[in-house]
Amino acid sequence: MTATVGGLWDSLLSEGKPWWITANSDSHSVYLDTAVRGGPDSDFAKQGHYADPVNGPVPDTGNGDYWPGYYSRTLVGADRRDYAAVMSGLRDGRVWVDHGRLVQDLDVRMRAGGREVGLGGVLTVRRGTQAELVVRIRTQSLPNWAQFVPRLAKVDAVAGFVTGPASDRDTFVAPETQVVRSWDVSTVGAGQWVELRFGPVTIGDRGVYVRLRGSDGKRTAVGLRGAAVDKAGPAIDVVGAANPWDDLWFYTNPIWVLPRT
């Protein structure tokens, strides 16, 4: 739902709704976990809970869940290291997510009318104002939990118009949203900063939003809404032959630029 350019997520953003994304690893039975229940399952009927876990004899290789942060991460912009600051960053959309620690650092700014905002922000400007997107990315220099240093291959800017409330509330598409710019960053060295720019774009009668995504480039396919919308989006997994560590992406929350009413 969120990976399709011009799909459900973009339809919400096109309505001007601040629908933020996060990424988490659904964790129930974790790969290589050594914990097992300390008693029989019948304990639940007697006590209302299972016995406390204990270390088992061998790591569990029959399950595929990840520890939190092992594969998917949610990176939150916070000005303090406390819970309130993190929750404030989540509510305000200062968030980007990645798989397999694809990138090390990411800073996204929209500049217009002598001002700038970051992820989740809104700039309100006069019609005719030019806006520019400025992206700074530091490629990864440290190995992930699969014990390799991931390499970012490409970055895409996805943009659409703010059209207001949909006439059909069951609409799952944003027909005017598409990938508007792609950058090949495959030659950038590990741990290096790269700066990418898109624009300037003149703001007219309709507002616009921009979000980013990036990939290691190993598994891509034409997006579900066609090549004119997305030439190289995420490929559908093949059951029984899908290695998540060979399919790494990052996504950012959007930034809006709206004309002053």
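Strands are DSSP runs of E, at least two residues long, numbered from the N terminus. This is a predicted model: local features need pLDDT of at least 70, side-chain atom pairs count only at pLDDT 80 or more, and totals for chains, interfaces and linings use all residues. Residues are numbered from 1 along each chain as its sequence is written, and side-chain values use heavy atoms, with hydrogens and water left out.

**Exercise 1.** Decide why P165 counts as buried or exposed.

*Solution.* 
- Step 1. Recall the cut-offs: buried is under 20% relative accessible area, exposed is over 50%, and partly exposed lies in between (1.4 Å probe, protein chains only).
- Step 2. P165 sits in the loop between β9 and β10.
- Step 3. P165 is exposed because its relative accessibility is 72%.

**Exercise 2.** Classify the aromatic pair Y71 and W245.

*Solution.* 
- Step 1. Rings of Phe, Tyr and Trp (its six-membered ring) pair if their centres lie within 6.5 Å; planes under 30 degrees apart are stacked, over 60 edge-to-face, the rest tilted.
- Step 2. The Y71 and W245 centres are 5.2 Å apart, with 90° between the planes: edge-to-face.
- Step 3. The two residues lie in separate loops, so the pair ties together parts 174 residues apart in sequence.

Terms used:
Helix = DSSP H or I, 4+ residues; strand = E, 2+ residues; numbered from the N terminus.
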